[in-house]
Amino acid sequence: MTDDGKTALEGSGFPKKAVTSTFAAAEPIGAQSRIDEHDHQDVPSDPALRVKALESLLVEKGLVDPAALDVLVDTYENKIGPRNGARVVARAWADPAYKVRLLADAASAIAELGYTSGQGEHMVVVENGSTVHNLVVCTLCSCYPWPVLGLPPVWYKSAQYRSRAVIDPRGVLAEFGTYIDEEVEVRVWDSTAELRYIVLPERPAGTDDFSEERLAALVTRDAMIGVSKVLLPEEKS
Ligand code: FE
């Protein structure tokens, strides 16, 4: 939740229907906990309970080592995520030679910065510019470049996003608060298990003297999916 009581998804401007339906199952638990949060512990969500049951069974049967699971969870919760992608983008903005390598062979250039993991063996970076805006979707399911962006947001997996990003990309972008001039071409890229796309956003004007670290702090997950642009803090409303 944000300070104004919206969920992050609502705040992002993604179609409310998708947000509402996705969270419908979880809402009663959260709503209940707000009403009498001191009376009892929250009941875990249905998927969480199912995962826990599955984990218990696999461990009990000796098929899975709990320590290995802990390492995996820690990796995807703490080590892999959009901050990695933001550092890649900042490096590409700051180092033209790196950008050339990134556009030519994304997986190798990303591995130069130490970001490697499953679900990222074949990645392609597409560059936004004054004449082209790129948008990434996986129409079939939720293919996503894990080494640089972590796990996909819920809306990325929603049927609404997957279909409407193709049918009406400008409309979807507008719902994220991203308005693309008519003369700018919008290209939609369909990620698959074999090939996952990442957007190299446009570097905002007025950042010539920014350090790489400061540039990275500006880059958001949504900008690397292509639903947003990278904005300076004063440009955000
Ligand atoms: Fe997929």
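Trainee: Which residues touch the most other members of the largest nonpolar core?
Mentor: Keep in mind that this is a predicted model. Val 89, Ile 198, Val 219 and Met 224 do, out of 42 residues in that core. Helix H6, residues 82-94, supplies the largest share, with 6 residues.

Trainee: What is Val 219 in contact with, leaving aside its neighbours within four places in sequence?
Mentor: Ala 86, Val 89, Ala 90, Pro 201, Met 224 and Val 230.

Trainee: What makes H6 mostly covered?
Mentor: The count: 11 of its 13 residues are buried. Among them are Gly 85, Arg 87, Val 88, Arg 91 and Trp 93. The buried residues of H6 pack against helices H7, H8, H9, H13 and H14, plus strand S4.

Trainee: How do you know that the length of H6 agrees with what it should span?
Mentor: At 1.5 Å a residue, its 13 residues should span 18 Å, and the end C-alpha atoms are 18 Å apart, so the two agree.

Trainee: Why is Leu 113 called partly exposed?
Mentor: Buried needs 20 or more C-beta atoms within 10 Å, and exposed means 12 or fewer. Leu 113 has 15 C-beta neighbours inside 10 Å, so it counts as partly exposed.

Trainee: Where does Leu 113 lie, and what does it touch?
Mentor: Leu 113 lies in the loop between helix H8 and strand S1. Not counting residues up to four places away in sequence, Leu 113 touches Arg 87, Val 88 and Arg 91. The C-alpha atoms of Leu 113 and Arg 87 are separated by 8.5 Å, with the two residues 26 apart along the chain.

Definitions and conventions: Residues are numbered from 1 along each chain as its sequence is written. This is a predicted model: local features need pLDDT of at least 70, side-chain atom pairs count only at pLDDT 80 or more; totals for chains, interfaces and linings use all residues. A nonpolar core is a set of buried Ala, Val, Leu, Ile, Met, Phe, Trp, Tyr and Cys residues joined through C-beta atoms within 7 Å. Helices (H or I, at least four residues) and strands (E, at least two) are DSSP runs, numbered from the N terminus. Two residues are in contact if their C-beta atoms, placed from the backbone, lie within 7 Å. The expected span of a helix is 1.5 Å times one less than its number of residues.
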